[in-house]
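Subject: Structure handover

Hello,

Here is the structure we talked about passing on. Please have a look, then read my notes below.

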Amino acid sequence: MTRYAALAGLGSYLPPRRVTNEELAGTFDTSEEWITTRTGIRTRHWAAPGVATGDLAVEAGHRALKSANLPLAPGAVDAVVLATTTPDHPCPATAPQVAARLGLGTVAAYDIAAVCSGFVYALATASAQIVAGQARRVLVIGAETYSTILDPADRTTSVIFGDGAGAVVLSAVPDADRAGVLLGVDLGSDGSGRDLILIPGGGSRERANGEPDQRDRYFTMQGTKVFAEAVTRMGGSASALLDRIGWPTESVDHLVGHQANIRILKALAQRLGLPEERAVVNVDRVGNTSAASIPLALSDAAAAGTLAPGSRVLLTAFGGGLTWGAAALIWPDLHVV
Amino acid sequence: MSTRTRQTLTDDLLKLMTDQYGAPDDITAETSYDSLDLDSLVMVEVAVALSGRYDVFVTEEEMRDAATIAGTVAMLEAKGVQA
């Protein structure tokens, strides 16, 4: 029996502490104006000390299950996939803990490491499990606590990133023409650009580099090179996917790009030939939340009524690796939690 | 490369810089980018925009080396761009 994976639930969670540019300008020897004009970011949320990625993932996962009218009980889903750059521990993965805390039983649970593209990669694997008949329903979460890996001496990254989590439930449906069905996914990578977005230490390469330095555990990014790669790769991935599924570019109602920087989102819309107003934007309020970015933007836009049922939605993300991807769906009638 | 092509490219770039990236209306093909006091991301944005528009690969470094619109036109022509 042919099956398709459809969006059946959506939820998100932001830690309560909201950090303004004014606060950061004092801490990082920068100005509110510099942050706003370079990034479009005005506020971001940072988790309190002691709060980890798994905690945010549990909150967002709970809300997505509620949105899909599913109980916190064994049998609700057949797998939990968690995209993150900031797992609770280097080992083991965070997803099994999240599945257990949500009461979902002994289901398959694994993390996806594709940095800011993680959620699109996770959607791809979860959807493939459903289409292959390995799962009927999958909880897909993007969750991050970048505040734990930011270098306090690096103002360029410290003002950009925020913490948060977003989650969706994908569910098997029998026909492709139902709203919410993932109509296609495009994924790509280019490891020759691995140094552009990098945490140098904390992995097995660290031993080869001699005495570990605490600063090697911090996140680094070559901003201007990443900007150009992000626009080029997201544009290429989105165009390739649109060609494959037969959507003319101008038929896309909402472009949900990775929320890294308002100027990347504008350049991306321009590259694709879409009016800027079709780009969904919440980076101004949450900053760059990496793997949580796409589901947080979806939650925000759906809750605001921007994503009307029946509208054509194109997702695209870019991140460290380098990695990138795109996915497309007709927006379903969802109750966002 | 014909003069017409060069003039068309120059006009396109002048329009792009004033319409999209905040360059003043009195900018000429010889105005140095450095003198425009643009913020640090603009050269990246222009490089990305030109890459998309002319289907070539332009980097921020090439934009900085080109230094002016005339230099940028020469750089694009060297990549085989025709208006």
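In which loop of chain A does Leu322(A) lie? Leu322(A) sits in the loop between β12 (312–319) and β13 (323–330) of chain A. Helices (H or I, at least four residues) and strands (E, at least two) are DSSP runs, numbered from the N terminus. The peptide bond from Gly321(A) to Leu322(A) is cis, with omega near -5 degrees.

First, the ground rules. This is a predicted model, in which local features need pLDDT of at least 70 and side-chain atom pairs count only at pLDDT 80 or more, while totals for chains, interfaces and linings use all residues. Residues are numbered from 1 along each chain as its sequence is written, chains are lettered from A and ligands numbered from 1 in the order in which they are written, and side-chain values use heavy atoms, with hydrogens and water left out.

Next, confidence. Chain B has a mean pLDDT (the predictor's confidence in each residue, from 0 to 100) of 91. In chain B, 95% of the residues reach 70 or more. Helix α1 (residues 3–20) of chain B is lowest, at a mean of 89. Helix α4 (residues 69–78) of chain B is highest, at 96.

Now the interface. 10 residues of chain A are in contact (heavy atoms within 4.5 Å) with 14 residues of chain B. The area buried between the two chains is about 1,100 Å². That is the accessible area (1.4 Å probe) that two parts lose on being put together, summed over both. Carbon and sulfur atoms give 55% of it. In chain A, Thr224(A), Arg263(A) and Gln270(A) lose the most area to chain B, together 43% of what that side buries.

The rule finds 3 salt bridges across this interface. A salt bridge is a side-chain nitrogen of Lys or Arg within 4 Å of a carboxyl oxygen of Asp or Glu. The side chains of Arg263(A) and Glu45(B) form a salt bridge (2.8 Å, N to O). On the side of chain A that touches chain B, α7 (223–245) and α8 (262–272) each supply at least two residues. The largest share, 5 residues, comes from α7(A).

The peptide bond from Cys91(A) to Pro92(A) is cis, with omega near 0 degrees. Pro92(A) is in the loop between β4 (79–83) and α4 (95–101) of chain A. Asn69(A), a residue other than glycine, has a positive phi, near 60 degrees. The loop between α3 (53–67) and β4 of chain A holds Asn69(A).

Best wishes
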